[in-house]
Amino acid sequence: MHSAMLRLAGGLGLVAQGALWLAGGGLVAMTVIIGGQVFYRYVLNDSIVWSEPAAVILMGWFIFLGAAVGIREGYHLSFDVLLYLVSERVKLALYTVSDLVVAGFGAGMVWFGWDLMASASGVKLPSLGVSGAVDFMPLVAGGVLMVLFSLERVARRAAGLPTARFGETEAEG
């Protein structure tokens with residue numbers, strides 16, 4: 001089980017790295033688009049009609065992909081005051097509860113994001129010429145990754161492997 005978990009973690013590490021690269025690329029692309037819009041508006045006295053919706057869609061991608069990777073790496077928000085008062089075993093149990101709650105939240109993102117995609121699929125975004133479902137794709141993709149990465153953390157913990165760069169690995173070491 002230990003070697004299988006390490007192989008799975010390696011594969012999910014590649015997925016996380018790819019998501020992070022896509023998020024970074026989206027951030028750069030959004031910055032270029034908004035910079036271009038500012039130049040067109042204030043220098044050329046013109047406008048790029050598709051710049052705002054494209055930038056908002058890109059923002060959704062880099063926020064949700066980045067958030068999912070943050071969950072995998074242990075950077076998500078948490079209240080850790082209680083963790084200073086409990087034993088190591090209780091800490092690990094609380095970490096597991098936290099990861100399961102995050103997985104549930106990610107599942108909700110997938111479920112309700114899919115509903116939003118379905119309801120907007122018949123609408124066409126006029127400035128981009130694409131389906132309105134595109135607006136909600138980052139919500140679903142980010143939710144899928146949050147579920148995967150949260151469950152990976154639970155599985156790694158069960159196998160006795162470290163799960164994060166900060167916090168929990170110090171407790172396990």
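**Exercise 1.** Determine how the span of helix α2 (residues 51–72) compares with the expected value.

*Solution.* Helices here are DSSP runs of H or I with at least four residues, strands runs of E with at least two, numbered from the N terminus. Helix α2 has 22 residues. The expected span is 1.5 Å times one less than the number of residues, giving 32 Å for α2. From first C-alpha to last, α2 reaches 32 Å, close to that expectation.

The model is predicted: local features need pLDDT of at least 70, side-chain atom pairs count only at pLDDT 80 or more, and totals for chains, interfaces and linings use all residues. Residues are numbered from 1 along each chain as its sequence is written, and side-chain values use heavy atoms, leaving out hydrogens and water.

**Exercise 2.** Find what the buried residues of α2 pack against.

*Solution.* Buried means under 20% relative accessible area, exposed over 50%, partly exposed in between (1.4 Å probe, protein chains only). Buried residues of α2 include I57, F62, L65 and I71. Contact means heavy atoms within 4.5 Å. The partners are α1, α3 (88–120), β1 (124–125) and α4. After α2 comes G74, with a positive phi near 85°.
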